[in-house]
Every structure is written in C-alpha cells, then in structure tokens.
Amino acid sequence: MTASEPTASGYNFAYLDEQTKRMIRRGLLKAVAIPGYQVPFGGREMPMPYGWGTGGMQLTASVLGQDDVLKVIDQGADDTTNAVSIRAFFERVAGVTTTTATGEADVIQTRHRIPEQPLRQGQILVFQVPIPEPLRFIEPSEEETRLMHALEEYGVMHVKLYEDIARHGHIATTYAYPVKVDGRYVTDPSPIPKFDNPKLHMSEALMLFGAGREKRLYAIPPYTRVESLDFEDHPFEVQEWDAPCALCGARDTFLDEVITDDRGGRMFVCSDTDYCQSRTEEVA
Amino acid sequence: MTSLTHPFLSVDALHKAFVLHGQGGMTLEVMRDLSLTLSPGECLVLAGPSGIGKSTLLKMLHGSYRVTGGTLRLHFEEGDLSLETLPAHAWHNLRRDVIGYVSQFLRVVPRVPAVEVVMEPLLARGAGEAEARVRAESMLARLNLPERLWHLAPGTFSGGEQQRVNIARGFIAEHPLLLLDEPTASLDAANREVVVELIQEAKARGAALLGIFHDEDVRERVADRLLPLTPYMGMPSTPIHEEEKPS
Amino acid sequence: MRRPDLERATLLEARGVTRLYGPGKGCEAIDIRLHRGEVLGIVGESGSGKSTLLRLLAGMVRPDAGQVIYHSSAAQGCDGSGHEGELDLYAIGEARRRALLRMEWGLVHQNPRDGLRLGVSAGANIGERLMALGERHYGQLRAAGQDWMGRVELDPGRIDDAPRTFSGGMQQRLQIARTLVTRPNLVFMDEPTGGLDVSVQARLLDMLRTLVRELGLSVILVTHDLAVARLLAHRLMVMRRGQVVEAGLTDQILDDPQHAYTQLLVSSVLTP
C-alpha cells in the first residue's frame, strides 16, 4: 500500500493535538532518562478500541516527523489487519511515507515482535503493550507494585520462574519474559517471544513502549543493558526449531506454524514477513 | 569444710503475702521473717505441716513467686546476687545454669516424648543432641522407667512415672542449687532409693539442696539439717482481716 | 563458684510507643525491652491492644508517639562490625524498614493464608525470601525447601504441591518454614496456634520451642491463650485497654499474679 489517498483534512498532523504530543514527549524524555521505569501519561481516546495498539499509536504520533518513514508490523507481518489499518491511519492523518522494509523505516510500530534485521542507530521501535506491570500477576495493588519497584523488591519475579521449573522442568514462560533494564528496573518487554529478548540488549535503536488502556509508557534507550531473569542452573534460553524456514531456509529466525490444508499439513515459516521476503528475493 | 563457713544461699527476713483482688483486696500473709543459710554440699530439709509455706519458699527462690519483703542472696566469688530484685530477663540464664527445680507436677508441652523432656535442660545449655540423648536415657534407665515409655509423651503416664521423668529432668543438668518439692511423693521404695542416691551424688559434687520431703525415711537419710517452719516465720494461710474471710 | 553471666543484649526496644484509635483502643505509652534469645509473650483479651502493639513493633504501623529501636549490632552477635548500633524503626526510610522486615525479621500470621502465596507451590513459598535475598540457584532453592519441609515435619515429597492442598496445621508449619528459612534474628508471631485444632497445636508448640532454641531466635508472641504463653514465652506482658498492667517472668505472672486484672485473667482459665 502506498500513500495514494490524500491526507485527511481537519486533523492536526498525526491526529493528536500538539499539547498532547508535548505531554507524551515529556513523558518519553523521563522514560528515557530512567530506563525501564513506567511513566504515567494522560492517554487520549484514539479512533480505535483499546487492545488494538492505542498506546503504541499515541507514542508513534508523538515522535513521528513529516519526513519520517513508518513501518507497522503485527506479529512480524506487515500485511495483517492491525498493521494495515494503523499504517493507513498514519498515511491519512500525517501523510508520511510508509514502508515494509525494516532497513528503510525511521519509526517502526510493532505488536509482539522485533524485526529480525538488526536495527540501527537512529531508528525508533514503538511497542504496543497490553499490561505494562511485570509484577501485576502477583500483586494486584498499583500502590504496592510501585513501592516494590522503588525498593527493588523483585524476589517474586523469581518465584514465578521457580514455579515454572517446578511444574514443567524448565522455564516455560515463552513470551513477555521479564527483563531487568540497566541493572535496575524489572520490565515487561511486551508479549514478544523470548526469542526476541536478546535483541533488546545493547540495541542501537531507541525502544519505546506504550500501554493505552493502562496509560503507561516506558523506554529502553540505545545501548542499554537488558538481562532476562533466570537461575544459575537454569539459564535463559531462546526457542529453537528443528527445521529451517520452509520459504527462505533461514535457521536463525523466529518461525510461525502455518496450517496448509485440512489434512494436518503444516509448515514453519519466518514470522517476520519482510525479512523472509527479502531473503527469498535474494535467492531467486 | 571451708564451704560451711561460706554459704551459697542466704535468706534473710523473708516475707510473703498474697493480695487477692478478686476477694475484695484481702491480704493473705503466708510467711514472715524467715531466715536461713545453705552451703555447697549441704541438704537442708524444710519441715512443718502442710500450708505452712514450704513450697512458697521454694517458688520464691525459683522466681515463680514474687518476694514481698526480705532478701534472697546467692554468694558468688565476684560478689552477691540478690534474687528479689533480679530483672525478669536475668532469670533465664540463672535457671538454666544455677537454680534447678523439681516440682511435684510435670508441666511440659503435650506430645513431646519423655526422653526429649529430659534432654531439654542440656540442649538449652548448648549440649549436642546425641550426647544429651545418651545422658537422658541413662538417667531414665537409672530411675527404672521402662524403655518402651521413653519415646512416648508422659501425658498418659502414671503419677509415679511422670514423677520420675520430672526427677530425671531436674537432676540431669547438675545445677549448683537444687530445689526439691516432694520429689519422692509418689514413688515406690526402689525408686525412692534412686532419688536418695541422686541427692547424695549432688551433695558430693558440691550442690546445695533445699527440699521438702514428707517421707520420714528419705528425710533422715538426705538431710544435713532440718528447718522446721513454724507459724512464727511461716504462717498458716489464714487471712489477717478476719472480717474479709471468704466464705 | 563464679557468678554466671545473666545479661543479654537488648535486641528491640519500645520507648513510650503510642497509637490510639480511640480512648482505650490501641496502645498507650508502652515500654518494652526484648533481649536476644528471648521469647516475650504479650497476652490479653481481644481488643486489649496487643495486636496493635505487635504491628507497631514490627514496623507495620507508625506510632503517634514514641520510638521503636532495633539494636542491629546485638543481632549480629559479638562482632557487630560495620553495623549501625541503633536503628530507630520509624526514622529510617521505608526502604530500610521493609528490607529489615524482609531480611532480618520474620512475621508469622495467625491465618497461614495471610502469610503464604496460595497460588504457588510449597517450595516456591519457602524459597521466596531466599530469592529476595538474591539466591539464584534453582537446585539450592529446592534443597533448602526440602530441608525446611523436613524441619517443620512436612513431607519433602510434597514440595511441588500447592498450599491449598495442605491442612490448616500443615499450612501453618509451611508459613513458619517460609519465615525462618532466612534465619531471621527476630520473629513476630500473632496467635500462631490460634486457628488450629487442639490436637495439632501441641505439635506446633513443640516445634516452635525447638526452633527457638536451635536457631537462637528472639520472638515477640501475641496470644490470648495463657497455656500457649506458658509453654512458649520466657516473659509475659499483660495488656488491658491499651496499657501494660503487669510484666514479668511467665510463671511469676501466671502463678503469682499481682494486678487485679491478671488475677482475674489467670483464674478464668479452664483447666481440664
């Protein structure tokens, strides 16, 4: 899809008014200054229900410039409904150029994946976050979780991992795997597969996280230490597959299972469609 | 014997009264102006009719009753220790290391095996589990407690059996001052004999003993001196305010 | 004969601690001194203020007046090097106070469900305080869990079972294991045998006594049950309407009570 439709009139650039964007940018500056710390912000209503990426969209709208090139992915794919809709939205309300090529994008809004192609300095990755609080599963009180963060009372995070090993023999958490950012804040990396966790560590790109319903944002600045929590005798590990991608033959990417017929046929292909496609084109 | 000239315990002008708030503040005076001394290696037996205050004296020496007046002193090389003014927390170590008490009744946590009841005073001093067990078992064997009972809780034992557990517990830690409140009351002749031996051994190692024995035979065999309590120093428990006497 | 050392270092001290929710409700001008290795029982009827006092002492409720002082050097034994001598519990920051509760102190609730994480296994419950202290070896956490289950007479084979599947007495023992696994210096117990069947109480009491002796614990024990107090506490404080009416050695209080209220309390106990 290209920016064929004209920019909609009657809206401010990128939909949000400048005051709101300024407020969110201030929040982002604080988030960058305190890596992994959740900053509350006055979330606005977006023309989309919660759960569709309203948090990410508000962050994208606040950092997007007129000359920026935008890419939107959903579970690694550029062509799913959510990705297509958000891309079309910013084309109409901001008139920015969009792309599916990771390398060409200045801002990438993502739901639940980090692109396979290593990000470079100057790029911004905006995550859509459903539940920003990694301690929420064990502590329902917001007041208490804030105090726990303030005092670095993170023992319960390992209780969860312990319980995983006790039940399954290994750490069975496969997505939204908790990390410690810059040796200080325990942070939910959003529901990315733990396969992507190592890409958070010392990333060249700026990573921003927005939770629309919870009205929280946080950040992992470039070149920040990000460790996945684990035990000495059960170290953090990423998923592995027996076979390479059925389309491009990659052995080092995150694969999705695709059902191909009604007779049990299936194959594993890269979840990052742009990466897979570029490899297939190279081969061809 | 030099120890006779240096008593370990001195009681002077001891006075005890109970105030019964539930009975309109009535005061029961049970002891007045009691004095005694006790030396290491000596066994002093308190005599007198029941109700004269013999057990009361032992309980004051053990810290379970408060002292209304007078002094209770232990004499150590470094100086005297006044029991009547001793702060509560200081009694823990004093009872653990110095003053032992064998009461008529066994008061223990239910369901704890007899042998562990006997081991406890040693464990409290930091003795090893194995060593304490060996000593406790030999003590119980000596007191003829059937071996099948050692690992049962004494709650269901007969009076005599409970008493023997109590005696074993009281003598095992070899306190320098032992207070004995009718330890032979419900024992048969053979076991009374064992208690007499235990007392004589305690005297031989220099312990000072203060006891109540109703059994004439035992009393004569263990007592170095008799201290008859009379209404002059130990008063029968009659109220001094006759008009407030409970019905 | 040499005079024995009768002194014990002071571990926790309350100086004029007051917290009133109404006239006679709460605690008023309480002074306490808990020595190292001592079990101090606080007894009284419900509403006497004993639970409020426990919460004040344990750093959970800020007093309106007075101070709670923790002698951390006494807790460290003789050396005490590198440790502040006196910590004024409510003058130090919340971070330090919570860290103290988490690392050096322990709290045993009357209802084990208040002190346990019911959603995770027995082993995770026991391991939590160790993990909070930085233990990151699963095998060692598990070994500690099994060891402590044995100590509190739970079947170590049930380490992966949820606390929900345990009886009330077992849950209470699990809570005690979870609290003591980090070997705290000071443990607060609020009616630890309160909700249990009489048949289970005795075993728990014996276990607590053994643990107190073996670990050299100092304990503040709140109970309305004088029989429990007699078996566990070295010293007692009797509370009534927010005030301490009498304090002393446990058998002194129970066998020769001085205050009218204590006499009433002691004489009201049913003995089988």
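These legends describe close-up views of a predicted model.

**View 1. The contact between chain B and chain C.** Chain B contributes 39 residues and chain C contributes 33 residues. Together the two chains bury about 3300 Å², with 54% of that area on carbon and sulfur atoms. B:Arg66, B:His89 and B:His92 account for 21% of the area that chain B buries against chain C, more than any other three residues.

View 2. Seven salt bridges link the two chains. One of them pairs B:Arg66 with C:Glu246, whose closest N and O atoms lie 3.0 Å apart.

**View 3. The side of chain B that touches chain C.** Strand 1 (9-20), strand 5 (79-82), helix 3 (90-97) and helix 4 (114-124) of chain B each supply at least two residues. Helix 3 of chain B gives the largest share, seven residues. By class, this side has 20 nonpolar, nine polar and 10 charged residues.

**View 4. An open sheet of five strands in chain B.** The strand order is 6-7-8-3-9, with parallel pairing. Strand 6 (99-102) and strand 9 (225-228) are the edge strands. Neighbouring strands are turned by 20° on average, direction ignored.

**View 5. Strand 6 and the helices packed on the sheet of chain B.** Four bridges join strand 6 to strand 7 (177-181). B:Gly100 has B:Leu178 as its bridge partner in strand 7. Helix 2 (54-61) packs on the sheet and touches strands 3, 6, 7 and 8. The direction of helix 2 makes about 145° with that of strand 8. Helix 6 (159-172) touches strand 6 and strand 7, and its direction makes about 170° with that of strand 6.

Conventions:
Residues numbered from 1 in each chain as written. Chains lettered and ligands numbered in written order. Predicted model: local features only at pLDDT ≥ 70, side-chain atom pairs only at ≥ 80, totals over all residues. Heavy atoms only, no water. Contact = heavy atoms within 4.5 Å. Buried area = accessible area lost by both parts, 1.4 Å probe. Salt bridge = Lys/Arg side-chain N within 4 Å of Asp/Glu carboxyl O. Nonpolar A, V, L, I, M, F, W, Y, C, P; charged D, E, K, R; others polar. Pairing = 2+ DSSP bridges. Axes fitted to C-alpha atoms, helices over the stretch in contact; angles between N-to-C directions.
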